Amino acid sequence: MVRFRWEKFVLWLLLAAVAAVGVGQLAAWLGGYLRPVLVFPLFVGSLLGGMLVFLIRLLDLAHRGSVLVGVLVASVVCAGSEHWGCYLQAHREYERIAADWQAQTQGLTALSPQFAQAVQQQLPRPPGTFGEYLRRQVQEGRQIGPWIIQGGWVWASWWLEAGLTFAAALALLGATMRWPYCSRCESWYRMVRQGRLFPKDLARWAPLFEIELPAMGKNVRFRLLECLGRCSAGRLELVWEDSDGQLQSRQLELDAAQREKLDALWQAAASEESSPPETASSQDLPKE
Ligand SMILES: [Zn+2]
């Protein structure tokens, strides 16, 4: 059972919101060039999810409720930030147009106040406040594929996009939450060692863990995981391909004795490697 921690929760919400603002601004900028329907919010959600995964690992946060609230808040903040970014773009665009007009008609407006007024009226409407900008977007409608939607539908489409962003981010976090976590020292397991196991290593390892050797084949990879507090002797994960080419895996919670033997094996292997290499035997040489 993972305990709820206020300090982690608050820090998580803050950092998640900051990440969401950043991703939202990036989305506003990218969306100005390319914004494929439905795919774009999923892409934004994956980007946001990736950053949130980094944060829960950094904070060693595994409390499900806290994570869920954070992803929800981050998705809404991200959507808001994207709209805010578009609003800022509209502002910059307006200022650019206004400055252009002013530069082109400078001499003439100085001569005639009527003309100056006419120029003012020709200028597009300024975006106004953020609220006004959003209201105008809703009124004018937005184009989605071949359709133009207006009014409440625009709001619905925005919420739908935020929902897709949320779903994509949550999928990534859900996958990360399956990673082993130690609720005693409240940390995610870290990988301390990984590599490939050759048949001769397997033969040495087998008596340690009672692994069925014939089923494991040749391509065996291992990972050794540990929590930050080293509360246990570690967790060994073995991944291999069976005869049908299917990926198989097995997790082993090591006890202290097994870990000791494993460390001894690695030490022996390391000293073997550091000794001078033997000359290639005749069977390794290509036959002519
Ligand atoms: Zn621990």
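This is a predicted model: local features need pLDDT of at least 70, side-chain atom pairs count only at pLDDT 80 or more; totals for chains, interfaces and linings use all residues.
The expected span of a helix is 1.5 Å times one less than its number of residues. H3 covers residues 64-111, 48 residues in total. From its first C-alpha to its last, H3 reaches 69 Å, close to the 70 Å expected. H3 also bends, by about 65° at Thr105.

**The sheet**

Strands of a sheet pair through backbone hydrogen bonds, either parallel or antiparallel. Here the pairing is antiparallel, and 4 strands form an open sheet. Their order is S5-S6-S7-S8. Strands S5 (190-197) and S8 (247-253) stand at the edges. Each has a single partner strand, so one side of each is left without a neighbour in the sheet. From one strand to the next, the twist averages 15°.

The pairings, strand by strand:

| Strand pair | Sense | Bridges |
|---|---|---|
| S5 and S6 | antiparallel | 7 bridges |
| S6 and S7 | antiparallel | 6 bridges |
| S7 and S8 | antiparallel | 7 bridges |

Begin with Leu225. Met191 stands opposite Leu225 in S6. Leu225 also has a bridge partner in S7, namely Arg235. S6 spans residues 220-226 and S7 spans residues 235-241. Two further partners link this pair of strands. Phe222 has Leu238 of S7 as its bridge partner. Val220 stands opposite Trp240, again in S7.

On to S8. There, Ser249 is the bridge partner of Val239. S7 and S8 form a hairpin, with 5 residues between them. The turn holds Gly245, which has a positive phi of about 85°.

**The helix pair**

Two other helices pack together. H7 takes in residues 199-209, and H8 takes in residues 256-274. Their axes lie 10 Å apart, at an angle of about 170°. Angles over 145 degrees count as roughly antiparallel. H7 and H8 are therefore roughly antiparallel to each other.

Which residues of H7 and H8 make the contact? On the H7 side they are Arg204, Leu208 and Phe209. H8 contributes Gln258, Lys261, Leu262 and Leu265. By class, the contact has 4 nonpolar, 1 polar and 2 charged residues.

**In brief**

H3 has 48 residues and a span of 69 Å, with its bend at Thr105. The open sheet runs S5-S6-S7-S8. H7 and H8 pack at about 170°.

Technical notes. Residues are numbered from 1 along each chain as its sequence is written. Axes are lines fitted to C-alpha atoms, for helices over the stretch in contact, and angles run from 0 to 180 degrees between N-to-C directions. Angles under 35 degrees count as roughly parallel, over 145 as roughly antiparallel, 65 to 115 as roughly perpendicular and the rest as oblique. Two residues are in contact if their C-beta atoms, placed from the backbone, lie within 7 Å. Ala, Val, Leu, Ile, Met, Phe, Trp, Tyr, Cys and Pro count as nonpolar, Asp, Glu, Lys and Arg as charged, and the others, Gly among them, as polar. Two strands pair if DSSP finds at least two bridges between them. The bend at a residue is the angle between axes fitted to the seven residues ending there and the seven starting there.
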